[in-house]
Amino acid sequence: MSELFAPAAISVSELNALARSLLEDNLFGLWVAGEVSNLTRAASGHYYFSLKDSRAQVRCAMFKGTAAKLAAPLKEGDHIELTGKISIYEARGEFQITVNEVRLKGLGQLYEAYEKLKAQLQAEGVFAAERKKPLPAHPRTIGIVTSLAAAALRDVVSTLKRRAPEIPVIVYPTAVQGAGSEFQIAQAIQTASARAEADVLIVCRGGGSIEDLWAFNEEPVVRAIEACEIPVVSGVGHETDFTLADFVADVRAPTPTGAAELVSPNRLESLHKLAQAQCRLKTVLEQRYYDASQRVDWFARQIRHPQQKLNEQRNQLAALQQSLRFSMQNNHRFNAQKLARQQQNLAHLRPNVSSAERNLLLLQAALCQNWQNLFANRQQRLEKQTALLEAVSPQHILERGFSVVKNSRGQVIRSANLLKQGQKLHITFADGETDVRVTSEHKQPDLFDYS
């Protein structure tokens, strides 16, 4: 191939930089297990060693800050697991790991168990936010679950004494590490819940290695916190330490001291707020006093002596009486003038009836005379008609010797030819009546005339 098309060469430093980028970009978050060998501790406090297994080794560097976090100093031959930045030391082209965290070999199985239990509890809803209880703003009693020998207890008690010395503290002692400590911690939490002596419960211990804190990752402790009737604050280890007790607790504090600060009201802050409230109350009361004083002054100006009010009412009554009298006089004067005008108008419009009155009197006298004359004439005529009527009256005829003959049906018999033998008759005389029967025979008797 022609050299014209050959790729350009890179320098060694460029090669090392490229390799470093490839390693750092693709190999991260890995845990590497092996045995410590060739361990050197520099005067600066940094560690340099090799991590090896039966077939290979890799250079490792652990700086002073990371080494200070170790529970125990690193020793030659330790079997450990570490994680950090996998890269190349460009100056010498050496492949190495800059260590960020170290744990003894076997903690991988613990971490796997931790993640498995965490997933199980999370699926059950043990860590759900809706099941967490709120902390009381002003607890009357604070409970603490920890070891009596723990430095965390001293930190918590001193913080509570500084912030809220008036609140009593109840300690439920328990071992916080070692074999079987998880059962003791769970029993202490259950005891605090059953006694219900405290309004809030702190479960705490100081910092340590993952093995030291492992009791707070055990299921008995998690279940005891879940079932606790009292709100629980977890303050286990340092701020970077997370245990399953932190997830299940109602509130997680970064440290035991932080837990004490969370559950206790700050006395100085409370006093400051109380002073502020007192100032606001004083201002409000003063303002209300000023407002009330102004209202009292205004009402005082409105108050008058009853005699003064009575005099004013008398004056008003006198004025009303005078006004009424004046109004009545004006009304009487107006009505009198109106009546006079109407009388004048009536006098002008009234006709002269004297002549008509005289005519009416004459007519009344004539009418009365004519009525008397008419009555006398009619009375004379009545008397004449009465005499005539009396002359032709049947009663008058009967008195002259006549009688009226009637048959049994009340019919007047006008002819003797109408009589029949044996017929019953009724005869009326002037002075009485009688019944007779026909005895002389003139004609064939009538069957219907017999009674």
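This is a predicted model: local features need pLDDT of at least 70, side-chain atom pairs count only at pLDDT 80 or more; totals for chains, interfaces and linings use all residues.
## Domains

The protein is divided into three parts: domain 1 (12–105), domain 2 (110–268) and domain 3 (396–437). How far apart are the C-alpha centres of domain 1 and domain 3? They lie 181 Å apart.

## Annotated regions

UniProt, in an unreviewed entry, gives residues 10–102 the annotation "domain: OB-fold nucleic acid binding". This span is 46% strand and 22% helix. The C-alpha atoms at its ends are 37 Å apart.

The unreviewed UniProt entry also lists residues 126–436, as "domain: Exonuclease VII large subunit C-terminal". Here the chain is 56% helix and 11% strand. The end C-alpha atoms of residues 126–436 are 146 Å apart.

## The largest pocket

The largest pocket has a volume of about 1,100 Å³. It is lined by 32 residues. Which of them are closest to its centre? They are Glu 101, Val 102, Gly 208, Ser 209 and Ile 210. Two elements each give two or more residues to the lining: strand 5 (94–104) and helix 3 (107–124). Strand 5 supplies the largest share, 5 residues.

What classes of residue make up the lining? There are 16 nonpolar, 9 polar and 7 charged residues. Domain 1 (12–105) and domain 2 (110–268) each contribute at least three residues.

## Cysteines

How many disulfides are counted? The count is 0. A disulfide here requires a pair of cysteine sulfur atoms within 2.5 Å.

Cys 60 has 2% relative accessibility. The cut-off for buried is under 20%, so Cys 60 counts as buried. Cys 368 has 43% relative accessibility. That value falls between the 20% and 50% cut-offs, so Cys 368 counts as partly exposed.

## Leu 388

Where is Leu 388 found? It is in helix 11, which covers residues 354–391. Is Leu 388 buried or exposed? Its relative accessible area is 53%. Exposed means over 50%, so Leu 388 is exposed.

Now pair Leu 388 with Gly 235. These residues are 153 residues apart along the chain. Their C-alpha atoms are separated by 156 Å.

How values were computed
Residues are numbered from 1 along each chain as its sequence is written. Side-chain values use heavy atoms; hydrogens and water are left out. On a 1 Å grid over the protein atoms alone, a cavity is a set of points where a 1.4 Å probe fits but cannot get out, and a pocket is an open set with protein on both sides within 12 Å along at least five of seven lines; lining residues have an atom within 4 Å of a point. Grid points are joined across faces, edges and corners, and a volume is the space filled by probe spheres set on the points. Helices (H or I, at least four residues) and strands (E, at least two) are DSSP runs, numbered from the N terminus. Ala, Val, Leu, Ile, Met, Phe, Trp, Tyr, Cys and Pro count as nonpolar, Asp, Glu, Lys and Arg as charged, and the others, Gly among them, as polar. Domain bounds come from an automatic or database domain assignment. Buried means under 20% relative accessible area, exposed over 50%, partly exposed in between (1.4 Å probe, protein chains only). UniProt positions are given in the numbering used here, feature names are shortened, and annotations may be inferred rather than shown by experiment.
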